[in-house]
Amino acid sequence: MMKILGIETSCDESAVSVVENGHKVLSNVVSSQIDKHALYGGVVPELAAREHLDNISTVIDRALRLAEVDVKAIDAIAVTKTPGLLPALLIGVSFAKGLASSLNIPLIGINHITAHMFGALIDREAIIKREASYPILALIVSGGHTLLVTIARDGTCAIIGRTLDDAAGEAFDKGAKILQLSYPGGPLIDKLSRFGNHSRFNFPRGLCGRSGNPVKPENRLNFSFSGVKTSLLYQLKEWDFDRPALNQAVSRLIVDHATPEQLDETLATYLDIIASYQEAVVDALVIKTMLAIGDYNAKTLIMCGGVACNHRLREKLQLEASKINVPLMIAQPEYCTDNAAMIAGLAYYQIMNNEKDDLNLDATASIKSIEQIPLHL
Ligand code: KG4
Ligand code: ZN
């Protein structure tokens with residue numbers, strides 16, 4: 001039995017987890033700093049680093065206690081080394097180095113993006129082992145990334161699509177800011193869109209060729225969310241919304257569970273704009289993902305990252321994938337957003353493939369490449 005302690009500090013969650021043999025999650029502790037960053041409307045790297053420093057030892061203690069494992073029984077330390085906010089990554093990496101050297105156990109640096117993909121498979125070991133699952137196509141949609149990645153049976157990965165501007169999560173968060181919703185806006189747009197009519201307004205689906213402009217071949221699988229955001233800005237200018245009244249009504253819907261019928265027409269329009277905006281972002285993700293499945297003959301589709309929690313995206317992708325009989329595996333909510341179980345789980349496969357690091361391990365902010373996910377054993 002190999003017990004690995006994973007540490008994740010690439011953004012605004014200090015997360016620690018203990019995982020046995022790659023898949024048995026003994027504890028998965030996530031301490032979010034979201035309230036602190038909400039004051040600034042986004043994540044502040046130096047603040048994130050300071051918070052990680054304040055939290056990390058408590059979170060490690062809690063993860064060990066919940067797993068009912070003594071630190072001396074840990075066989076290896078895994079840590080996110082890239083990509084992420086550099087000051088934030090450095091806290092995790094320094095802690096991991098200290099722990100690994102004091103316990104004299106292996107240290108494994110993990111790529112956060114590969115770990116997100118693993119997060120969709122952490123409780124699906126059989127899919128990993130099955131030959132017929134490959135090639136796998138992964139849609140990674142978070143606050144920082146929007147990627148389409150293929151995984152071959154030998155673990156070789158290739159990025160086949162990416163965003164040219166905002167990530168899908170940013171499209172939600174920045175859209176929410178324009179709508180004057182609180183940060184992070186993704187989950188709020190998701191909630192509010194259920195009360196609106198998503199086909200009332202036609203927002204642009206970036207790089208999908210719907211505007212009449214043909215898509216350049218090199219952008220066939222790429223995304224662009226800047227147009228939809230600008231379009232939202234213009235759409236809102238056309239309506240003279242009374243902000244305090246809207247805010248009050250939104251809070252009645254969300255907090256007091258009022259029904260939309262109890263709301264006036266202005267609010268109904270506002271909700272239709274929200275639903276239509278979400279529909280455009282979701283459509284672009286679904287359209288490109290389905291194109292990629294066809295182009296690469298993918299046998300399994302996985303989806304991960306915070307935006308994978310979005311109900312409409314889950315629903316539409318599930319519908320399209322089932323039409324062509326491609327199974328869709330969506331990471332469980334606790335493994336969608338940033339967590340350390342995906343770090344400790346993937347590290348097991350890396351160790352088995354003899355991919356270890358030493359105390360020279362460096363954190364890097366931008367992703368160099370994703371060449372390999374060591375799922376083959
Ligand atoms: O993966 P994640 O927790 O952090 C990283 O960016 O690595 O993703 C956070 C992002 C935020 O942009 C948040 O607004 C978005 O995921 N998000 C959602 C939903 N839940 C989280 N976006 C749309 N609908 C949701 N339900
Ligand atoms: Zn992430």
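Start at ligand 1 and select its surroundings: 19 residues make up this shell, and the closest are Gly143, Asp173, Asp190, Gly306 and Asn310. Keep in mind that this is a predicted model.

**Stop 1: the polar contacts**

Pick Asp173. An N or O atom in its side chain lies 2.6 Å from an oxygen atom of ligand 1. Now pick Asp190. Then go to Gly186 and show its backbone. A polar backbone atom of Gly186 is 3.3 Å from an oxygen atom of ligand 1. How much of ligand 1 does the protein bury? Taken alone, ligand 1 exposes 550 Å², and the protein buries 88% of that.

**Stop 2: the pocket and its shell**

Hide ligand 1 and look at the space it takes. That space is the largest pocket. Next, colour the shell residues by type. They divide into five nonpolar, eleven polar and three charged.

Which helices each supply at least two residues of this shell? Select 112–119 for helix H4, 168–178 for helix H6 and 185–193 for helix H7; each of them does.

**Stop 3: the loop between H6 and H7**

Stay with these helices and select the loop that runs between H6 and H7. Pro184 is found there. Show the backbone from Tyr183 to Pro184. The peptide bond joining them is cis, with omega about -10 degrees.

**Stop 4: another cis bond**

Move to Tyr134 and Pro135. The peptide bond from Tyr134 to Pro135 is also cis, with omega near -5 degrees. Pro135 sits in the loop between helix H5 (125–129) and strand S6 (136–141).

**Stop 5: a positive phi**

Select Glu68. Glu68 is not a glycine, yet its phi is positive, at about 55 degrees.

**Stop 6: the whole chain**

Zoom out and switch to a cartoon view. The chain has 13 helices and ten strands. Turn the model to view its extent: the C-alpha trace spans about 65 × 45 × 30 Å along its principal axes.

Does the radius of gyration of the chain agree or disagree with that of a compact globule? For 377 residues, a compact globule would have a radius of gyration near 21 Å. The chain has 21 Å, which agrees.

To finish, bring ligand 1 back into view and find Asp173 and Asp190 again, two of the closest residues around it.

Note on methods: Residues numbered from 1 in each chain as written. Chains lettered and ligands numbered in written order. Predicted model: local features only at pLDDT ≥ 70, side-chain atom pairs only at ≥ 80, totals over all residues. Heavy atoms only, no water. Near = heavy atom within 4 Å. Polar contact = N/O pair within 3.5 Å; in protein donor to acceptor, adjacent residues only side chain to side chain. Areas by Shrake-Rupley, 256 points an atom, 1.4 Å probe, with all protein chains shown as cover. 1 Å grid on protein atoms, 1.4 Å probe; cavity = no way out; pocket = protein on both sides within 12 Å on 5 of 7 lines; lining within 4 Å. Sits in = over half its atoms within 2 Å of the grid points. Helix = DSSP H or I, 4+ residues; strand = E, 2+ residues; numbered from the N terminus. Nonpolar A, V, L, I, M, F, W, Y, C, P; charged D, E, K, R; others polar. Rg over C-alpha atoms; globule rule 2.2 N^0.38 Å.
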